[in-house]
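Welcome! Please take a moment to turn the model around on your screen, and then let us walk through it together.

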Amino acid sequence: MLAFIIRRLLQGLIVMVAVSAIAFTMFQFVGDPVNQIVGAETTTEERAQIRESLGLNDPIVLQFGRFLVKAAKFDFGISYQFREKVSDLIFSRMPATLELAFCAAFFSLLCGIPMGVYTALRRDSWLSKIFQAVSLIGISLPTFFTGIIMIFLFSVTLRWLPSFGRGDVVDFGFWNTGLLSWTGWKAIIMPAITLGLFQMTLVMRLVRSEMLEVMRTDYIKFARARGIPARSINFRHALKNTLIPVITIVGLQLGSIIAFAIITESVFQWPGMGLLFLTAVQNADIPIMAAYLILISFLFVSINLIVDLLYVSVDPRIRITGKAL
Amino acid sequence: MKIKTLLLAGALAFGLGSAAYAKTFHFAFQGEVKSLDPYTLNETFTYSVLGNVYEGIITRGPNLEILPGLAEKWELVSPTHWRFTLRKGVKFHNGDPLTTDDVLFSAERIRANGSDLKLRVPADAEFKKVDDHTFDVMLKNPNPILPNEWETFFIMNKKWAEANNSKEPQSASATTPSFASLNANGTGPFMIESHQAGVKTVFKPNKNWWGKKEHNLDEVVFTPIKSSATRVAALLSGEVDWIDPVPLQDFDRVDNSGVAKVMAGEETRVIYLGFDQSSDELKYSDVKGKNPFKDKRVRQAFYQAVDINAIKEKVMRNRAYPTGAMISKFYFSGANKLERLKYDAEGAKKLLADAGYPNGFSITLDCPNDRYVNDEAICQAVVSMLARINIKASLNSQTKSKYFAKILEAGNYDTSFFMLGWSPGSMDSLNPLSNLIACRNKEKKLGATNVGGYCNAKVDELTAKIKGETDTAKRDAMIAEAFKIVNDDIAHIPLHTQSLAWGVSKNVEIVQRADNFIKLNWVTKK
């Protein structure tokens, strides 16, 4: 078991180094960061001097090596645009993104599961058809579009919800949250729905197909024959068995919700890591880009690791193959 | 502090907030306030916002007229000797009084390594303390416009900067963050209450400000909103009171909303077209062995083929101000007298025929597509207008970083026909004359952005004289003469100055300045 974990950790490390290597080669094409550091009137000589002092003239391999050594010490340098520590910037923005991602995931489960169960049990009712149609929209509409439509409906026309930002934020030093204030709750509704819509569709369709399958199995038939009430069959016996794949999928999707919150964050000006990354790309702020990409790859690697470990504990066959490998 | 925030949050959560009584002005821009250190970035928006916290030696009024700032008066003792008298009783936000020492310190700091505003103060200017409220500036060469740019030569507190290890602006390659980029201590009408880079900046009025308070605000909150659609939505829903910019296609929607209006006064940037007049053969044309743009008749034909009113009405939706000058009227009053040549396609055809191109020729127009308002659309319009006089122009439009790398000095002026916009940072005619118009000369640092390679010895001579002339009337006459020669030579095709694009809530009164500065002291909210 320990060998298995160590092996997976090493693999994860390789993935992260590979991601940063690819990122570094791409940084050559984002434009000249010096143009973003200084204004238009700066002379060519001064620009050259800044390039030199930032080490941008060194061969890319050397720059990469320097970055790895520092990254290993969690030192990602100073942001070119904000002149703040990159690690401070990212950690101050992380709670916003995580809060949004968890709310979106929660929303997708809260709506997706009942909708899935309902459409599986009452396949031909009109409500099921509406749910199906909604889920089609959820899967086919691009995020920024749903976001803008919601803003125009709920912020501009009805004036119920704020169109941007996070509302009032309570700061605990190590963490800040918008979920302790009324404005914070109002602010998170639209971004969370926008971000969670696709996942909700996914959950609903997954629950539906699993339910349909489970309802056909023998033990459900026996339960019916024994005269167990329908509610108990549907929710205690059938639903429980459909949830295992759902939880796996949602767990794995959490990584992508966090990583792909970028679009939702920019539509709603949500002050999270994704927005920080987007600004960094536009301003060729390499230190932020590098740190963000590493963080996201770390997130994916660790989520996968956790899922793998859960599988191992659940399914002994994987453990055995794991040893044989 | 944290407990206070918690209590506040709780109060708000239960609807007990006093927000209804306090007047809070919310404003949103497409970009961020990058750093609070006033010397680290020469970018209009950043120092425009910091101009509410820090103040310069001079200040400028609603029409950009020069007014006394931290200095209440100044005089020219001799052409190379200026004497400034500081206002008495001015205090920094931390309570320290403003003295000459702070000015001397700031003059050093703004010219130190890591500063991006080094050009605000001439490198050879020597600052000398006379007494606590008087200082002299000694120059090597006469400079009649010395204090012109000093609205943004922000004065910092010597003691505060030294105590917080911020004696120099943080250099680009520094490995530790600097105190001054996250904190501010100016003399201005507003103080920074909190600053979270890229998220939110909160300002509170400075009760001890020396100047005349014209605003009625209790708090000001700045948020960047990157997405244009969201920015407009936030204005229309009343969550913010001011946005910049409103996208051109949303002007009517904002105006018709009933809750907000667009303020689209004239800006100072002049958009113009230029031709390569120095190469012996054009790089991007089918005319071989010679350069048709060396012939004034060809340049005039191009000029008169451009229907500026069509561009103004159709492309710019009337949000542009056609001009015949290479300088904004705000920076040179004589600009109004420099008139455009009339639109005359038939005359242009005849000029081309006289010049020996009865069937026209082909040319490539280089154009940015994300730098100026509707830049690419303007170029497309120009291409179709040129087709009417048989000039087969093809358009090469690119993103700004690639575009400027190609056509400017760094790309060896790789273009035959181009578009450029220019607004002098110095707010004075000398800047375009020596950057855009003077013959290229590396040693003298002249004509670095003279992309077309226009060169006229008479203009250079005038430019040199203008630089040293301290008599305003004489100087203005020479500037007018220089621009007249440039126009007679048809060195460029000036098109228009753009309009500003503020979206302002109906509840707010604000003064719009042509240089796009936002002055919070001129904001009143109902």
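The paragraphs below visit a helix contact, a strand, a histidine and some salt bridges.

This is a predicted model, in which local features need pLDDT of at least 70 and side-chain atom pairs count only at pLDDT 80 or more, while totals for chains, interfaces and linings use all residues. Residues are numbered from 1 along each chain as its sequence is written, chains are lettered from A and ligands numbered from 1 in the order in which they are written, and side-chain values use heavy atoms, leaving out hydrogens and water.

Let us start where two chains meet. Two packed helices are described by the angle between their axes and the distance between the axes. Here, helix H7 of chain A (residues 143–157) packs with helix H5 of chain B (residues 228–236) at an angle of about 5°, and their axes are 10 Å apart. Helices (H or I, at least four residues) and strands (E, at least two) are DSSP runs, numbered from the N terminus. The axes are lines fitted to C-alpha atoms, for helices over the stretch in contact, and angles between N-to-C directions run from 0 to 180 degrees. H7(A) and H5(B) are therefore roughly parallel, since angles under 35 degrees count as roughly parallel, over 145 as roughly antiparallel, 65 to 115 as roughly perpendicular and the rest as oblique. On the H7(A) side, the contact (heavy atoms within 4.5 Å) is made by A:Ile148, A:Ile151, A:Phe152 and A:Val156, and on the H5(B) side by B:Ala229, B:Thr230, B:Ala233 and B:Leu236.

Next, look at strand S10 of chain B (residues 219–224). Five of its six residues are buried, where buried means under 20% relative accessible area, exposed over 50% and partly exposed in between (1.4 Å probe, protein chains only). Strand S1 of chain B (residues 24–29) runs parallel to S10(B), joined by six bridges; strands pair if DSSP finds at least two bridges between them. B:Ala28 stands opposite B:Thr223 of S10(B). Strand S9 of chain B (residues 200–205) pairs with S10(B) in the antiparallel sense over three bridges, and B:Val202 has B:Val221 in S10(B) as its bridge partner.

Now find B:His133, in the loop between strand S6 (126–131) and strand S7 (134–138) of chain B. B:His133 is buried, with a relative accessible area of 18%. Leaving aside neighbours within four places in sequence, its contacts include B:Phe84, B:Leu86, B:Leu98 and B:Thr100.

B:Asp132 forms one with B:Lys129, with the closest N and O atoms 3.2 Å apart. Another joins B:Lys329 and B:Glu266 (3.1 Å, N to O). B:Lys329 lies in the loop between strand S14 (320–322) and helix H9 (345–354) of chain B and B:Glu266 in strand S13 (residues 266–275), so this pair ties together parts 63 residues apart in sequence. B:Lys329 is partly exposed at 37% relative accessibility, whereas B:Glu266 is buried at 14%. In a further salt bridge, B:Lys406 meets B:Asp366 (3.0 Å, N to O), and both are buried. B:Glu151, B:Arg513, B:Asp515 and B:Lys519 are linked in a salt-bridge network.

Notes
Salt bridge = Lys/Arg side-chain N within 4 Å of Asp/Glu carboxyl O.
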